[in-house]
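Good morning, colleagues. May I ask you to turn to the sequence and the model on the screen.

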Amino acid sequence: MILGIYQTYSPAGDLSAGVAEIETALNQASISGASILVMPELFLPGYFAVKKTPPKNWQGVIGKMSKLCKKKGVGLAIGLPEFHNNKIYNSAYFFCKEGTLIAKHRKIQLFGTYEKNKFTPGDKVTSFDYDGIRFGLLICYDVEFPEHVRSLAKKKVDVILVPTANMMPYVNVNKILVPARAAENGITIAYANYCGSEKELTYVGLSAIYGQDGFALASAERKPHLISVEIDRQILKGSIPPSTQLEDLSPSN
């Protein structure tokens, strides 16, 4: 399986431009042979552009993404707002290559005043089976918490897909924390970030796919870029290294 990440600028509220960018990303992923593409957090309508009510024709936009996945034959993990019962969740959606929405994750760890004032937190990690591999979904700040990654590892997840919007000065999240989460659990993590700027934020870029040893299998710098890597199914299904066996590490009373 070839796994891809599309690092790009935020559409910053331009819904039409965002949908067009998704089509471009899926087309490039298809040409590269990728089976799955991961895009950043709250990509539509843009990280800072989420309003209290859905954009006009929001369901039509969701339907368009579904059709694009089917047309290009590529699965898509992407960050989107979820409007439900007068609440808004910062969510990650996974559409399979046939265009069906098969998994959704609500961000557990909301970051900063903007997110805490706008969104309702989720309360559980998300895992699902697809194309013979067990996947997990987390969003940005979620993956920095060891307990969330460990919880997915205990569920026998092989690959965690992480839409993110990590900004300066938090470069060490990309360079240290995310690869550490991969290495300590023997799990592959695909971490898809923005580049460029949006309002007062300057995004870190540095999207990457980290292998089970914590080393980057593929990585981007700070410009728009599609990165992809072939994931060896046999390695994914291999045993977790002895140093990272999943014991209960909770302190005893």
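This is a predicted model: local features need pLDDT of at least 70, side-chain atom pairs count only at pLDDT 80 or more; totals for chains, interfaces and linings use all residues.

I begin with the helices. Two packed helices are described by the angle between their axes and the distance between the axes. Here the pair is α4, residues 146–154, and α5, residues 171–185; the angle is about 35 degrees, and the axes lie 10 Å apart. The crossing of α4 past α5 is right-handed. On the α4 side, the residues in contact are P146, V149, R150 and A153. Their partners in α5 are R181, E184 and N185. By class, the residues of this contact comprise three nonpolar, one polar and three charged.

An α-helix has 3.6 residues a turn, so residues three or four places apart point the same way. With that in mind, one may look again at V149 and A153, both of which belong to the α4 side of the contact.

Which residues of α4 are buried? They are H148, V149, R150, L152 and A153. The cover over these buried residues includes strands β6 (126–130), β7 (133–137) and β8 (159–163), together with helix α5. After α4 comes K156, which has a positive phi, near 70 degrees.

I turn now to the charged side chains. How many salt bridges does the model contain? The count is six, and I shall describe some of them.

One of them joins R106 and E82, with an N to O distance of 2.8 Å. This bridge ties together distant parts of the chain, as R106 sits in strand β5 (residues 101–106) and E82 in strand β3 (residues 75–84), 24 residues apart. Are the two partners buried or exposed? R106 is partly exposed, because its relative accessible area is 27%. E82 counts as buried, because its relative accessible area is 6%, under the 20% limit.

Another bridge is formed by the side chains of E115 and K107, at 2.9 Å from N to O. Both E115 and K107 are buried. These two residues also take part in a network of salt bridges that links E41, K107 and E115.

A further bridge pairs R134 with D129, where the closest N and O atoms are 2.9 Å apart. D129 is classed as exposed, because its relative accessible area is 55% and the limit is over 50%.

Next, the cysteines. The count of disulfides is zero.

Finally, I draw your attention to T188, which is found in strand β9, residues 188–192. T188 is buried, its relative accessible area being 3%. Which residues does T188 contact, once its neighbours within four places in sequence are left aside? They are D158, V159, I160, I209, Y210, G211, Q212, I231 and L236.

That concludes my remarks, and I welcome your questions.

Note on methods: Residues are numbered from 1 along each chain as its sequence is written. Side-chain values use heavy atoms; hydrogens and water are left out. Axes are lines fitted to C-alpha atoms, for helices over the stretch in contact, and angles run from 0 to 180 degrees between N-to-C directions. Helices (H or I, at least four residues) and strands (E, at least two) are DSSP runs, numbered from the N terminus. A crossing is left-handed if the near helix is turned anticlockwise from the far one by less than a right angle, and right-handed if clockwise. Contact means heavy atoms within 4.5 Å. Ala, Val, Leu, Ile, Met, Phe, Trp, Tyr, Cys and Pro count as nonpolar, Asp, Glu, Lys and Arg as charged, and the others, Gly among them, as polar. A salt bridge is a side-chain nitrogen of Lys or Arg within 4 Å of a carboxyl oxygen of Asp or Glu. Buried means under 20% relative accessible area, exposed over 50%, partly exposed in between (1.4 Å probe, protein chains only). A disulfide is a pair of cysteine sulfur atoms within 2.5 Å.
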